[in-house]
Amino acid sequence: MAEFVELEAQDGVRMPWNVIPGTKQEASNCVIPISAIFTPIKPFQNMPVLPYSALRCRTCRSVLNPFSIVDFAAKIWICPLCFQRNHFPPNYSSISDDNLPAELFPQYTTIEYDQTPSSHVPPSPPVFMFVVDTCMIEEEMAFLKSSLSQAVDLLPDNSLVGLITFGTFVHVHELGFGQIPRTYVFKGSKDVSKNQLLDQMSFFTKKPKPATGVIAGARDGLSSESISRFLLPKSECEFTLNSVLEELQKDPWPVPADLRATRCTSTALSIAASLLGACVPGSGARIMAFIGGPSTEGPGSIVSKNLSEPIRSHKDLDKDSAPLYHKATKFYEGLSKQLVHQGHVLDLFACALDQVGVAELKIAVERTGGLVVLAESFGHSVFKDSLKRVLQAGDYDLGLSSNGIFEINCSKDIKVQGIIGPCASLEKKGPLCSDTVIGQGSTTAWKMCGLDKATSLCLIFEIVNKESPDATIQSTSNQFYFQFLTYYQHYSGQMRLRVTTLSRRWVAGPGSIQDLTAGFDQEAAAVVMARLVSFKMETEAEFDPIRWLDKSLIHLCSRLGDYQKDSPSTFSLSPRLSIFPQFMFHLRRSQFVQVFNNSPDETAYFRMILNRENVSNSVVMIQPSLISYSFHSGPEPALLDVATIAADRILLLDSYFTIVIFHGATIAQWRKAGYHDQPEHQAFALLLQAPRNEADAIFKERFPVPRLVICDQHGSQARFLLAKLNPSATYNSDAPLPGGDVIFTDDVSFEVFLDHLQRLAVQ
């Protein structure tokens, strides 16, 4: 595993197959697709940023890189992707073997170019449009107002800020009118077009509306005075904004006891998108939506106002008996296209005990690269700390960047099927596009309106070669090349181009199994399978995820395992593959596949986070990590098994979204007796504190901030731990366990699962 982590530290890429099957047939036999998990703007400490433009190949437009073949005498370089010969321009005239430009250094396979235009135009400031729900109880309103005023403090001084509040009606606040609070009110049930919006908000009183053309910001048709009524630099409107927030009341319209509140979420988001599209198109703007309940009004409503009608469940979606779901999803798909076209991001903070419609909003948040946080209340630390993390600067900032365009170039024997992750297709078709589309496909360029240091894409490729190449060719040019270009606005305001070029060896024909196994990265493979199975569950009707995962695992084991036919006892897997069945066992039981007991909102939330995180974080979501603390030994990793539970141990479970500190029965008794407060039991106090310190370290660097559960053995909250453990002892197993805990389940244990796998793989 270590060498794959090193490769990631150099280029931000993890691939399941680091030696690639060379023909179409061999690739399909490998079950797991040729793919890569790539973090486009992962920070690297000693990566140079070059102050000039990138030199591109004149045929395929790929950038000069360390794999290019250079003829110093003739001043020519050969592109490794398309073999085109290119002349160096005059500014490279002094290059030689001992005088290389940085982009040809072998260690700089990832490099950045500063692409900021030389004209002295200051970079456009970041824009934040707060869209705030007011249909909630007073207590929740108070929590939200306090978090929002903290958030306003954290915004950069030059950033532009706007505020829209909504309930039964949508209120657009005119922050630039300081004398008295002034708002424009729109009816929640009525869809407002961009032109109607501009007319009604009197944008054209001083400067008449242009007769033709698109209205787009101060350069095209709007006066900057009219824009600054609604979007002001924070330094100018902080006082007005804070006083509006302080005065904010819950929605005044009465709600009868048998009805839900009238909440027009979709209309408010649509107005926010149109307002930003008219005023600041193309700049890094974020709509930050704070939603406290289900949408019941407008085109994106998810449930009727009648409380007798429950909110859609997974069963309703499967049976197609959620009439509003498709309409809402279609509306948000339209909104996502508008936002992607404008280059703007939608962030979602959903805090309610009920569902709010994350499942419908997912498409708009994911296509624009937005952030999502789901919590039970605006007073919960999951929401409060996550919001601070979004806006704070410092060691653990997210590094929010904007306006990204991501492009792929690769050797001609490889085609791109698509990307699963936070991006939107720019529909740039070309010879590299495969006919099979997975995720955002049929393109070689994608828009990433919002991206941060951790955003990771899952790129899926296919091999086009039909027949196996002859041995002579294989020995000379057995490399496939990939080049990823990310053009984006860095959080410092500079425009940057990051270029990552990779080369991977391919093998074909007999005897290639050893090579394939040697380059297999089982963690990356598990994450690709998790993203794929989630995608298929959302897009394919009648898809059986458990069966698909089991069949894939059996095929992989029978292809790469070591065994004599029909003899399960001889079956063994190379260390490169040995943990993969365990990952698949936990993936089958994870919240990505088992939707029972989760609402559609929660499932959508878990999958959105899985689709944007890197390999090491995603592995923790699939197979949580467990650390054991006791007097006998320091903190040590423990097996994710019910047998690990013991009365004198503390267990720390990290399942990414939740962190559980579980006290064994004896430890819990001592804690309740207050031993840790007595000076002679200092060792016990330290033992209790150790898992808390570890949890605090995780909180600092993880986004969204996880939920902390502290529980005792046999307590009701112990279910958070038990649900993730391998049920090696259940209520109907024969031998009692040393730890004394059993899990009441009919799920098979990992031992039984492995036993069946061996029997089926050797057939």
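Select strands β9 and β10 (residues 160-166): they pair in the parallel sense over seven bridges. Strands here are DSSP runs of E of at least two residues, and helices are runs of H or I of at least four, numbered from the N terminus. Two strands pair if DSSP finds at least two bridges between them. Now pick valine 132; its bridge partner in β10 is threonine 165.

This is a predicted model, in which local features need pLDDT of at least 70 and side-chain atom pairs count only at pLDDT 80 or more, while totals for chains, interfaces and linings use all residues. Residues are numbered from 1 along each chain as its sequence is written, and side-chain values use heavy atoms, with hydrogens and water left out.

Stay on β9 and show side chains. Val127, Met129, Val131 and Asp133 point one way, and Phe128, Phe130 and Val132 the other. In a regular strand, side chains alternate between the two faces of the sheet. Seven of the seven residues of β9 (residues 127-133) are buried, so the strand is largely enclosed by the rest of the structure. Buried means under 20% relative accessible area, exposed over 50%, and partly exposed in between (1.4 Å probe, protein chains only).

Next, select the open sheet β1-β3-β21-β18, four strands with antiparallel pairing. β1 (13-14) and β18 (414-420) stand at the edges with a single partner strand each, so one side of each has no neighbour in the sheet. Between β3 (residues 34-38) and β21 (residues 457-463), count five bridges. Phenylalanine 38 stands opposite leucine 457 in β21.

Move to leucine 459. Among the residues it touches are Ile34, Phe38, Phe406 and Phe484, not counting residues up to four places away in sequence. Contact means heavy atoms within 4.5 Å. Leu459 is also one of the residues with the most contacts inside the largest nonpolar core, which has 136 residues. Such a core is a set of buried Ala, Val, Leu, Ile, Met, Phe, Trp, Tyr and Cys residues joined through side-chain atoms within 4.5 Å. Apart from it lies another core, of 34 residues, including Leu148 and Phe290.

Last stop: arginine 588, in helix α16 (residues 580-589). Is arginine 588 buried or exposed? At 15% relative accessibility, it counts as buried.
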